[in-house]
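Biologist: Could you walk me through this structure, one residue at a time?
Modeller: Gladly, here it is.

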Amino acid sequence: MKRIIFFTIMGVVLYSGILMLYFGINDFMTFSSAPKNFDDLSAADYIEGTRVHARIYQVGAKIAYSRTEEKQFFGMSIGKPTRIEYFLIPLKYEENLKDMRYILIAVNSDDSETLERLKVLSADQLRERSENDEIFDFTGIVYKSTTEELQSAVTELMNNYGLTGAGIDFGAGYTAFSGAENYSQYYLNHVVRYTLYADYRTKETHISALIVGGVLTLGSVTAIILGISKIHRRKEYY
């Protein structure tokens, strides 16, 4: 019975160590690349996995859409699910609203500080940056937007005249375009098809995960080997 308990505990420790190593290595590889400056990027410069350093001074709108995310490890869900919320951020200010392009920023709902900062920077009317603007400074990682994310961005643009200079007024029986496909594509052209995930983790965070994961993995493997060796010695003795 003691052997079963011992090997069960060591199995759990080994699994935990491998888990930390897996995510630590994955995050460290992504984090090791130098971030690009948000203000220097055009819509065509975004590539999945790109790290971006952003200094945000205004937010176009908070998106009504949110989703639940679960971490996956070899096809299994681990940890508690988290809710992801979204904001539309202009790439840069354009005097002609029809030339404005936006990118979605995704934030974990547990990150109350980031959510509050982005809400505070929401602007009723977009404008150029000034020296006195409050700046929200963070680094994020870019991933290709899902169909749901893009549709939610399009819906927000449709309902907000101040973001593109065009809108759909169904109440008055008026649309800015002749057909659904036309106006949907028009708004979609205003959105970069990548989502920037806010990430506050530091290089030290990833290194810590690698060290702890390595210690747990090595320690549990050593303990298991010693345990098996001890069992064999007892069998030989008897």
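Modeller: Let us begin with Gln 58, which is buried at a relative accessible area of 4%, where buried means under 20%, exposed over 50% and partly exposed in between, using a 1.4 Å probe and protein chains only. This is a predicted model, in which local features need pLDDT of at least 70 and side-chain atom pairs count only at pLDDT 80 or more, while totals for chains, interfaces and linings use all residues. Residues are numbered from 1 along each chain as its sequence is written, and side-chain values use heavy atoms, with hydrogens and water left out.

Biologist: Where is Gln 58 found, and what is it in contact with?
Modeller: Gln 58 is in the loop between β2 and β3 (61-73), where strands (E, at least two residues) and helices (H or I, at least four) are DSSP runs numbered from the N terminus. Leaving aside neighbours within four places in sequence, Gln 58 has contacts, meaning heavy atoms within 4.5 Å, with residues including Ile 89, Pro 90, Tyr 93 and Arg 127.

Biologist: Which side chain does Gln 58 join in a polar contact?
Modeller: The side chain of Gln 58 makes a polar contact of 2.9 Å with that of Tyr 57, and also reaches the backbone oxygen of Arg 127 at 2.8 Å. A polar contact is a pair of N or O atoms within 3.5 Å; within protein, one must be able to donate a hydrogen and the other to accept it, and residues adjacent in sequence count only if both atoms are side-chain atoms.

Biologist: Switching topic, is Ala 44 buried or exposed?
Modeller: Ala 44 is exposed, with a relative accessible area of 71%, and lies in the loop between β1 (36-37) and β2 (51-56).

Biologist: And why is β5 called largely enclosed?
Modeller: Six of the seven residues of strand β5 (residues 102-108) are buried, so the rest of the structure largely encloses this strand. β5 pairs with strand β7 (residues 191-199) in the parallel sense over four bridges, and two strands pair if DSSP finds at least two bridges between them.

Biologist: Which element has the lowest mean pLDDT?
Modeller: Helix α6 (residues 203-237) has the lowest mean pLDDT among the elements, at 59, whereas β5 has the highest, at 93; pLDDT is the predictor's confidence in each residue, from 0 to 100. Over residues 169-178 the pLDDT is below 50, although this stretch has twelve contacts in the model beyond near neighbours in sequence. Where pLDDT is low, the predicted coordinates should not be read in detail.
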